[in-house]
Amino acid sequence: MTNLYRLLPSVDSLLSDLSSDVNYQAMPRAFIRDLINDFLVLCREEIRSGAITTENDLNPTRFRAKLGAYLKTHSRPHFRRVINATGVVIHTNLGRSILNKKAAEAVWEACLHYSNLEFSLDTGKRGSRYSHVEELLCRITGAEAGLVVNNNASAVLIILDTLAKGKEVIVSRGQLVEIGGSFRIPDVMAKSGAHLKEVGATNRTHIHDYEGAIGPDTGALLKVHTSNFRIIGFHREVSLKELVEIGNRQGIPVIEDMGSGNFFDFDAHGYHFMPEPTVQRVVKDGVSVVSFSGDKLLGGPQAGIIVGKREYISQIKKNPMNRAIRIDKMTLAALESTLRLYLDSELAMREVPTLRMITMKAEDLKKAAGKLKSLIKRNVKSAVKLDIFQSQSRVGGGAFPEQDLPTYLVGIKSEQMNSEELKDRLLKTDPPLIGRIENEVFCLDPRTVSSEEFSMVCDALSQAMET
Ligand SMILES: *Cc1c(COP(=O)(O)O)cnc(C)c1O
């Protein structure tokens, strides 16, 4: 046993070996030294536990390869690109929407150069960071005013804090949902200092429920998009229009948390999905203030967008909390470019990746699956059985939760391992490839994989199956 410990090279000798290796020359020496130390601790642990038993386990070639792999995995960025082959377009765990090229270029400009972020080029004096997108938001949605904050959760928080702090906010019991990542309306409400007043039953809420709950302490009526939760069967919700009528009669603002706000009228473009109102519709129906995410159906960067009536928006702008949840310049740059695409809905459909992926046609997906399959067949030497079959993709992000999007998957079977093992191994490839298992077969959905990524998919499969 002691012999094996003695065979481990010293940190210094390993460091000097590596000093001529180009892969490590750009890395801080102290950091490599730390990693080597950690690696040697691991080796001693393996000798103790019996994972390393013979001198041969420690022969220089093997040892160097093992160290190389260790250094590679521990020195690369932790936050990395992955390939999303799940077919879930707005995948919250994989970064939600990806940006269009113009938006990415705008981010590049904004971060490498100075900008007029809070500087008016008209007056040469201090300007407002919100001015860059407010006009666009109004033009697209028809609202009187708007502002943007860090994300939709903070948008809901500041709206409630501004309009209903210390007052009651009336919400239907059917809308008190938890959205992924533990965003719960009752919790957000408590933080804002507004008091939740629940009305109706889980499945049914009526106009008279709201009317009966209104009193001198009522600050607002709130409607919440239930996102990935649906009540089916015997149920009734009060529409926004009806809420606005009640609000107008009583002089109470009506707030809507739309979740995944959408500017694009899918129906008008021939995509007959389950009914989801657009932001334009909600504004037209007279909402006082509505908020939604920038990185869900909109296909932009993470942001919380608030639009509505000027009197309420100007109060929100003055709330000191605004400073704590403000949007940063890179996000603002990406958001403005993305919003500009929506001035022409055809352009938005072509250029916004999220919309492009959602509106892909089944016949094009079938072709893409065929192309991917033959590329894999040609390039991945290990034994694989490939199939194409029909299935469904998902929009994700709580939008159109029940909507199936017809697609074609490439199913991959390995002779050496089952689908779970293949799936796990693909998490370790470079870049990682995230797929899904359907009927015990590991599958790739071409809806969320661009054709430029196909060769990377083949590489990842080779890496996973040949190690
Ligand atoms: C997604 C969602 C949120 C949270 O939005 P973020 O932009 O992630 O902060 C809030 N409310 C609803 C209804 C949602 O769907």
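Predicted model: local features only at pLDDT ≥ 70, side-chain atom pairs only at ≥ 80, totals over all residues.

User: To begin with, how far does a backbone N or O atom of Asn152 lie from an oxygen atom of the ligand?

Analyst: The distance you ask about is 3.0 Å, between a backbone N or O atom of Asn152 and an oxygen atom of the ligand. Ser293 places a polar side-chain atom 2.7 Å from an oxygen atom of the ligand, while an N or O atom in the side chain of Asp257 is 2.7 Å from a nitrogen atom of the ligand. As for cover, the ligand taken alone exposes 380 Å², and the protein buries 94% of that.

Now let's look at who stands around the ligand. Its surroundings include Arg96, Asn151, Asn152, Ala153, Ile179 and Phe183. His225, Ser227, Asp257, Gly259, Ser293 and Lys296 also belong to the group around the ligand. Sorted by class, this shell has three nonpolar, six polar and three charged residues. Helix H8 (152-164) supplies at least two of the shell residues, and so does strand S9 (254-259).

Strand S9 leads us into a sheet. It belongs to an open sheet of seven strands, ordered S3-S11-S10-S9-S8-S4-S7, with mixed pairing. At the edges stand strand S3 (145-149) and strand S7 (195-199); each has a single partner strand, so one side of each is left without a neighbour in the sheet. From one strand to the next, the twist averages 25 degrees.

Inside this sheet, S9 and strand S10 (residues 289-293) run parallel and are joined by four bridges. As an example, Glu256 has Val290 in S10 as its bridge partner. A helix packs on the sheet as well: H13 (residues 310-318) touches S3, S10 and strand S11 (304-308). The direction of H13 makes about 30 degrees with that of S3.

Start at the ligand and find Asp257, whose side chain has an N or O atom 2.7 Å from a ligand nitrogen atom. Then follow strand S9 (254-259), a supplier of shell residues, across to its parallel partner S10 (residues 289-293). From there, look for Ser293, with its polar side-chain atom 2.7 Å from a ligand oxygen atom.

Conventions
Residues numbered from 1 in each chain as written. Heavy atoms only, no water. Near = heavy atom within 4 Å. Polar contact = N/O pair within 3.5 Å; in protein donor to acceptor, adjacent residues only side chain to side chain. Areas by Shrake-Rupley, 256 points an atom, 1.4 Å probe, with all protein chains shown as cover. Nonpolar A, V, L, I, M, F, W, Y, C, P; charged D, E, K, R; others polar. Pairing = 2+ DSSP bridges. Axes fitted to C-alpha atoms, helices over the stretch in contact; angles between N-to-C directions. Contact = heavy atoms within 4.5 Å.
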